[in-house]
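Here are my notes for your first look through this model.

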Amino acid sequence: MKIAPSILAADFANFGAECEAIEAQGADWVHVDVMDGHFVPNISFGPTTCAAIRPHIKGVMDVHLMIAPVDPYIDAFANAGADVITAHVEAGPHIHRTLQAIRGAGAKAGVALNPSTPAEAVAHLLDLTDLICVMTVNPGFGGQKFIDMSDKIKTLRSMIGDRPVHIEIDGGVDPSTAPIVAQAGADVLVAGSAVFKGGSVSDPAPYGTNIKAIREAAAGVYA
Ligand SMILES: O=C(CO)[C@@H](O)[C@H](O)COP(=O)(O)O
Ligand SMILES: [Fe+2]
């Protein structure tokens, strides 16, 4: 199970140090939420910020684009060093083209599904995608309540078959919800508030404790 802390819950004045701290505390990937105030009702940051934090991330930079349109910005995020670029299926009429363009730019291609979007929306995209992000909140904000998407996750896992496609869960993941999505077939867990709570750059140990708690809960180990 990969744990991908979302820096939306980090100290925005200290992104570089926050990325280094979560990796040192056991994060597998760093999840970067890009919001445009149009596709979602919130604005976070863009490719310039991604490029600035890239040297502070040793592992995978997982960029979740909550923007519309997506296509004009793919090269900018790839050039900023994104390893995974995820676009929402709801963000435009040509997600097939978008996924081709992401791979064409040299990144892994992810496709995200809002809670109201059925698994079948990606049925014709399975060979074009490296990751399916199942939103367990309506995108736009951290710290929201988990919406159970277990049936969708199970359907996707069966649709994927033996293809090398990750199922990532995003929104409201904590030690109480991680077992639900792990059981259903997820293999990447994004967590913002549940990772960053109680810690800081000057006191990063709680990040490690929080990551471990999510990982152990997902593995069915209850302390
Ligand atoms: O993409 C999003 C929200 O739109 C997420 O990545 C959140 O940032 C996760 O935050 P928590 O729900 O874990 O606090
Ligand atoms: Fe996200």
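1. Helices (H or I, at least four residues) and strands (E, at least two) are DSSP runs, numbered from the N terminus. This is a predicted model, in which local features need pLDDT of at least 70, side-chain atom pairs count only at pLDDT 80 or more, and totals for chains, interfaces and linings use all residues. Residues are numbered from 1 along each chain as its sequence is written, while chains are lettered from A and ligands numbered from 1 in the order in which they are written.

2. Is L65 buried or exposed? A residue is buried if 20 or more other C-beta atoms lie within 10 Å of its own, exposed if 12 or fewer, and partly exposed in between, with C-beta atoms placed from the backbone. L65 is buried, because 26 other C-beta atoms lie within 10 Å. Leaving out residues up to four places away in sequence, L65 touches V34, V70, I85, T86 and A87; a contact here means that the two C-beta atoms, placed from the backbone, lie within 7 Å. For a sense of scale, L65 and K197 are 132 residues apart in sequence and 24 Å apart in space, C-alpha to C-alpha.

3. Now find ligand 1. Which residues come nearest to it? Of the 23 residues around ligand 1, they are L8, P139, G142, G192 and S193; to count as near, a residue needs its C-beta atom, placed from the backbone, within 6 Å of the molecule. The elements giving two or more residues to this shell are β2 (29-35), β3 (60-66), β8 (188-191) and α7 (193-196). By class, the shell has 10 nonpolar, 11 polar and 2 charged residues. Here Ala, Val, Leu, Ile, Met, Phe, Trp, Tyr, Cys and Pro count as nonpolar, Asp, Glu, Lys and Arg as charged, and the others, Gly among them, as polar.

4. UniProt positions are given in the numbering used here, feature names are shortened, and annotations may be inferred rather than shown by experiment. S6 is in the loop between β1 (2-5) and α1 (15-24), and G142 is in the loop between β6 (131-135) and α5 (150-160). S6 is buried, with 24 other C-beta atoms within 10 Å; G142 counts as buried with 21 C-beta neighbours inside 10 Å. Beyond four places in sequence, G142 touches S6, L8, A9, G192 and S193.

5. A "binding site" annotation in the unreviewed UniProt entry also covers H31, D33, H64 and D170. They span 140 residues in sequence, yet no two of their C-alpha atoms are more than 10.4 Å apart, so they gather at one spot. H64 is in strand β3 and D170 in strand β7 (residues 166-170). Among the contacts of H64, not counting residues up to four places away in sequence, are H31, D33 and D170.

6. Compare helix α4 (residues 95-104), where I95, T98, L99 and I102 are buried. These fall within an arc of 95° seen down the axis of α4, so they line one face of the helix. Their cover includes α3 (74-79), β4 (84-88) and β5 (108-113).

7. Finally, check two backbone details. The peptide bond from A68 to P69 is cis, with omega near 0°, and P69 is in the loop between β3 and α3. Just after α4, G106 takes a positive phi of about 95°. As background, most residues other than glycine have a negative phi, and most peptide bonds are trans.

Conventions
The arc is that of the directions from the helix axis to the C-beta atoms.
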